[in-house]
Amino acid sequence: SVPRTAVLTINEIVKEPWQQAQQKRRDIQPRVHRGWFPYPFVRAWTNVLQRELEVAATIQDLFSGRPVIYTMFLGYDEVAHHSGVERAETLAELAKIDKAFGRLARAAAEAERPYRIVVLGDHGQSQGATFTQRYGQSLGELVTSLTGSDDVDAPGGVDEGWGSLSSAATEAGQGSGMAGKLVRGATRGKTAEDGTVELGKERDEVGRRRKSKQKKGEEGPPEVTVMASGCLGLISFPDIEGRATLEQIDARYPELVAKLRSHPGIGFMLIRSAEHGAVVLGPKGTNYLDEKRVDGDDPLAPFGPRAALHVKRTDSFPHCQDIMLNSTYWSELDEVAAFEELVGSHGGMGGAQSHPFIIYPSEWTPPAQPIVGAENVQVQLCRWLEDLGHDEYAEQPDNPRRLRPAQDAATAAPGASGAPAT
């Protein structure tokens with residue numbers, strides 16, 4: 001109901017600053033600055049408004065007999081990013097999502113057609129003090145000092161909360177009524193030419209409001225771009241045509257690669273060499289992925305037995321960045337160092353972030369082999385739908401669908417034959 005949702009929303013907005021104060025009073029570490037505005041309102045959107053809308057819309061779909069329904073709950077992910085992975089307030093949000101699942105299960109039991117529920121967690125989260133907190137400078141600042149360039153653009157990432165809110169504003173702004181006009185007016189300065197609303201993009205990689213001198217790229221591409229997704233860093237050189245090679249980067253910035261690979265907060269870097277193909281550089285060794293050999297200590301060893309497969313798959317993407325780097329993973333502490341100001345993060349490798357899961361009915365046919373890669377997840381989900389009688393998901397003769405072995409899954413680009421993109 002509207003009154004119930006309004007009360008829950010206000011409670012969430014008030015509760016967030018109080019929880020911030022409690023973490024500070026108890027000196028809980030690691031923690032990041034969250035602020036009293038606008039984050040409490042973003043959290044209220046993901047953890048109350050969006051959750052209630054998702055539940056209501058899904059129940060409506062259940063009672064209307066829609067054959068396949070997909071919905072997403074961001075609440076735990078949003079709070080874990082800012083509060084920590086297993087903090088009390090984070091686990092409380094997980095319990096609320098569990099209650100939402102219960103509401104959906106009860107509604108499904110009353111629907112006219114049978115429904116089965118599958119829960120997919122596409123990643124976990126890994127915790128740790130951020131790169132900036134540990135070393136006193138952000139990844140963008142480090143790259144600036146090593147390249148000597150005054151044209152390094154390091155825009156801040158937009159977390160899932162802002163992304164979800166932007167999507168909702170985009171859809172609402174396309175309406176023809178008064179509500180649509182109000183949304184268009186409120187987001188006029190944050191709307192792209194195609195009508196897409198982009199909220200939360202005015203801050204840099206460590207959450208500071210970006211100054212005009214940090215926006216050189218608006219007049220043309222910057223010399224260097226540094227971006228982050230959790231403990232994954234992405235560095236590109238827009239004025240170098242195509243993907244820059246190790247040799248080109250070394251010639252232009254002699255200190256960059258050497259200093260990055262020896263930095264204590266960087267576990268490994270993926271770069272393409274003109275001579276050796278895909279190479280992974282670490283502080284004490286190199287993994288030549290294409291040549292299938294390792295010199296010194298394998299920099300991927302701390303990241304698990306399938307790390308090389310996943311990195312090689314990333315290297316196969318047509319838009320793989322010039323330098324892909326992952327923070328150090330401190331296995332004894334189970335910690336990473338996010339390049340964004342997030343306590344819990346995902347995007348790179350190391351720790352629980354690398355452990356997705358699927359919960360499915362026990363009587364269903366289990367996968368014939370371990371599922372590696374998003375493409376194989378889609379294949380398996382389509383197989384289950386076909387087993388349930390959804391013929392539109394059946395395998396087509398001109399597009400055979402199969403679970404790719406780990407080796408193939410690591411090198412298949414999205415959309416390749418037999419590996420549908422998700």
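Predicted model: local features only at pLDDT ≥ 70, side-chain atom pairs only at ≥ 80, totals over all residues.
How many disulfides does a search of the whole structure find?

## Disulfides and basis of the model

The search finds 0 disulfides, a disulfide being a pair of cysteine sulfur atoms within 2.5 Å. In general terms, a disulfide is a covalent bond between the sulfur atoms of two cysteines.

Residues are numbered from 1 along each chain as its sequence is written, and side-chain values use heavy atoms, with hydrogens and water left out.

## Salt bridges

Side chains of opposite charge can pair when their charged atoms come close. A salt bridge is defined as a side-chain nitrogen of Lys or Arg within 4 Å of a carboxyl oxygen of Asp or Glu. Across the whole structure, 24 salt bridges are found.

One of them joins the side chains of R4 and E52, at 2.7 Å from N to O. R4 belongs to helix α1 (residues 2–25) and E52 to helix α2 (residues 39–64), so this pair ties together parts that are 48 residues apart in sequence. Helices (H or I, at least four residues) and strands (E, at least two) are DSSP runs, numbered from the N terminus. R4 is partly exposed, its relative accessible area being 39%, whereas E52 is buried at 9%.

## Further charged pairs

A salt bridge also links the side chains of R31 and D27, at 3.1 Å from N to O. R31 is partly exposed, with a relative accessible area of 21%, and D27 is partly exposed at 48%.

In helix α4 (residues 88–110), E93 and K96 lie 3 residues apart, about one turn of the helix. These two residues form a salt bridge whose closest N and O atoms are 3.3 Å apart. E93 is buried at 2% relative accessible area, while K96 is partly exposed at 27%. Salt bridges that share partners join E12, K15, E16, R34, R43, E93 and K96 into one network.

## Helix α2

Helix α2 has 26 residues and reaches 36 Å from its first C-alpha to its last, close to the 38 Å expected at 1.5 Å a residue. The expected span is 1.5 Å times one less than the number of residues.

Helix α2 also contains a kink of about 35°, centred on W45; the bend at a residue is the angle between axes fitted to the seven residues ending there and the seven starting there. Just after α2, G65 takes a positive phi of about 85°.

## Strand β6 and its partners

Strand β6 (residues 266–273) is mostly covered, with 7 of its 8 residues buried. Two strands pair if DSSP finds at least two bridges between them. β6 pairs with strand β10 (residues 323–327) in the antiparallel sense over 4 bridges, and N326 in β10 is the bridge partner of F268.

β6 pairs with strand β7 (residues 277–281) in the antiparallel sense too, over 5 bridges. The bridge partner of M269 in β7 is L281. With 3 residues between them, β6 and β7 form a hairpin.

Technical notes:
Buried < 20%, exposed > 50% of the residue type's maximum accessible area, 1.4 Å probe, protein only.
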